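Colleague: Hi! Could you walk me through this one?
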Amino acid sequence: IIELNFPLVYLMRRNATDSGGFGKYTGGMAPASIYMVKGTKDFKVNLYRHSQKTPPNWGMFGGYPGAPLEGLLVLDSDLPEWFSHSRVPTGFEDMEGLGGTVFNPPDRANIQQKVVHEYDLMFNRLNAGGGYGDPLDRDPQAVAADLRRGAVSLNNAEKVYGVAIHPVTRQ
C-alpha cells in the first residue's frame, strides 16, 4: 500500500535485533524498516520525536523495557554507489557507512517537516514489548535460539543473559 501511494520503495523490513525487552521471557520484537525515496525530487515528510528517550513500556519483575521508537533520515547518501555494487542497507547498523547527512529529529515534541529527494532514506523502528523476569533466568538454549533467529545479538546474549555462545557455530 505504501509503495502504491507514495514515492517510496521498501529496502528492508524485519524484526529489529535486541529490540524486545530482555528477560526470562522476552518482550515482543519491534518491526524495523528502511524506505528509499524514489521517482521524485520534492517529497516532504513530517518528523517528530515520540518515545525515543524513554521506552513507552516497562519490563516486569526484573525484565528490561523494550526498545523505544526510533526514526532517522539519511540525506544525500552514497546509496546509488551501494546499488552499483549490488549492496543494500539491511538495518540501522549500516547507516554510518552510507555517507551523507543523518538527520535525527530534535528533542522537542513539535513536528518538523523535511524535504527529501530521490535516494534519501528513512529508517524506522517501532516500539517493542518489555521482558518479564530476570534475564539471567532465561534458559541458555533459548538464548542460543534467540541468537540464531536474530532476536538477540551475540554481545547481549553474553552481557545481558550471561550465556557464552561460540561466535561461529552459534551454539
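Colleague: Is Glu70 buried, exposed or partly exposed?
Modeller: Glu70 counts as partly exposed, at 24% relative accessibility. Here buried means under 20% relative accessible area, exposed over 50%, and partly exposed in between, with a 1.4 Å probe and protein chains only. This is a predicted model, where local features need pLDDT of at least 70, side-chain atom pairs count only at pLDDT 80 or more, and totals for chains, interfaces and linings use all residues. Residues are numbered from 1 along each chain as its sequence is written, and side-chain values use heavy atoms, leaving out hydrogens and water.
Colleague: Got it. Which residue forms a salt bridge with Glu70?
Modeller: That's Arg125, with the closest N and O atoms 3.5 Å apart. A salt bridge is a side-chain nitrogen of Lys or Arg within 4 Å of a carboxyl oxygen of Asp or Glu. Arg125 is buried, at 15% relative accessible area.
Colleague: New topic: how many salt bridges are there in the whole structure?
Modeller: The search finds five. One of them pairs Glu93 with Arg14, at 3.1 Å between the closest N and O atoms. Glu93 sits in the loop between helix 2 (79-84) and strand 5 (101-103) and Arg14 in strand 1 (residues 8-15), so the pair ties together parts 79 residues apart in sequence. Helices (H or I, at least four residues) and strands (E, at least two) are DSSP runs, numbered from the N terminus.
Colleague: And which residue does Asp146 meet in a salt bridge?
Modeller: Its partner is Arg138, at 2.9 Å from N to O. Salt bridges with shared partners join Arg138, Asp146 and Arg149 into one network.
Colleague: Are Asp146 and Arg138 buried or exposed?
Modeller: Both Asp146 and Arg138 are buried.
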